[in-house]
Amino acid sequence: MNKIEHIGIAVKNMQTANLVFEKILGVSPYKEESVPSEQVNTSFFKVGDNKVELLEATGPESAIAKFLAKKGEGIHHIAFDVEDIVAEMARLKKEGFVLLNEVPKSGADNKLVCFVHPRETNGVLIELCQQI
Ligand code: ZN
């Protein structure tokens, strides 16, 4: 694991949340991207070396829709930057962690991603991401 790549925040409404985070961070999103396979819209803010990702559901089957229904708005995941996502996935699996996808999938912001089930991680959904 290299560093925290970004923090993902689940929001009900991207437009209003973008305005809130623009006020907080003093910058506009550098990127807005839809990920149809995950039924989410995302927007990304840069704060120094760090990033904040806002996630809005676009359909009822979206993991974000389910998260919002269960927990409401808030921090959804922490993403760690990795050099070799396949190797990290194998390492964590061997350690007994449960991966939510068995092969890396394409995520937003030109990344290969894999999520680790929060049950074994003290309730924190962890995203591994490798820059493509
Ligand atoms: Zn993320």
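Lys111 is buried, its relative accessible area being 2%. In this predicted model, the side chain of Lys111 is paired with Asp109 in a salt bridge whose closest N and O atoms are 3.4 Å apart. Asp109 also counts as buried, at 6% relative accessibility. Both residues fall in the buried class because the limit for that class is under 20% relative accessible area.

**Salt bridges**

Side chains of opposite charge can pair when their charged atoms come close. A search of the whole structure gives 11 salt bridges.

| Pair | N to O distance | Relative accessibility |
|---|---|---|
| Lys111 and Asp109 | 3.4 Å | Lys111 2%, Asp109 6% |
| Glu88 and Arg91 | 2.8 Å | Glu88 15%, Arg91 38% |
| Arg119 and Glu120 | 2.9 Å | Arg119 58%, Glu120 29% |

The salt bridge between Glu88 and Arg91 lies within helix H3, which covers residues 85-94. Glu88 and Arg91 are three residues apart there, so about one helical turn separates them. Glu88 counts as buried at 15%, whereas Arg91 is partly exposed at 38%.

Arg119 and Glu120 form a further salt bridge, with 2.9 Å between the closest N and O atoms. Arg119 is exposed, with a relative accessible area of 58%, and Glu120 is partly exposed, at 29%. Elsewhere, salt bridges with shared partners connect Glu5, Lys31, Glu33, Lys51, Asp109 and Lys111 in one network. The buried residues Lys111 and Asp109 are thus among the members of that network.

**Zinc site**

Which residues coordinate the zinc ion? The donors are His6 and His77, each through NE2, and Glu53 and Glu127, each through OE, at 2.1 to 2.2 Å. Their spacing in sequence is H-x46-E-x23-H-x49-E. His77 belongs to strand E5 (residues 74-81) and Glu127 to strand E8 (residues 126-131); the two are 50 residues apart, and the pair links distant parts of the chain.

The angles among the four donor atoms run from 83 to 175 degrees, and the site is irregular. Why is it not tetrahedral?

How values were computed: Residues are numbered from 1 along each chain as its sequence is written. This is a predicted model: local features need pLDDT of at least 70, side-chain atom pairs count only at pLDDT 80 or more; totals for chains, interfaces and linings use all residues. Side-chain values use heavy atoms; hydrogens and water are left out. Donors are N, O and S atoms within 2.8 Å of the metal (3.2 Å for Na, K and Ca); water is not among the atoms, so sites may look incomplete. Four donors count as tetrahedral if all angles lie between 85 and 135 degrees; four count as square planar and six as octahedral if opposite donors are over 155 degrees apart and all others between 65 and 115; anything else is irregular. Helices (H or I, at least four residues) and strands (E, at least two) are DSSP runs, numbered from the N terminus. A salt bridge is a side-chain nitrogen of Lys or Arg within 4 Å of a carboxyl oxygen of Asp or Glu. Buried means under 20% relative accessible area, exposed over 50%, partly exposed in between (1.4 Å probe, protein chains only).
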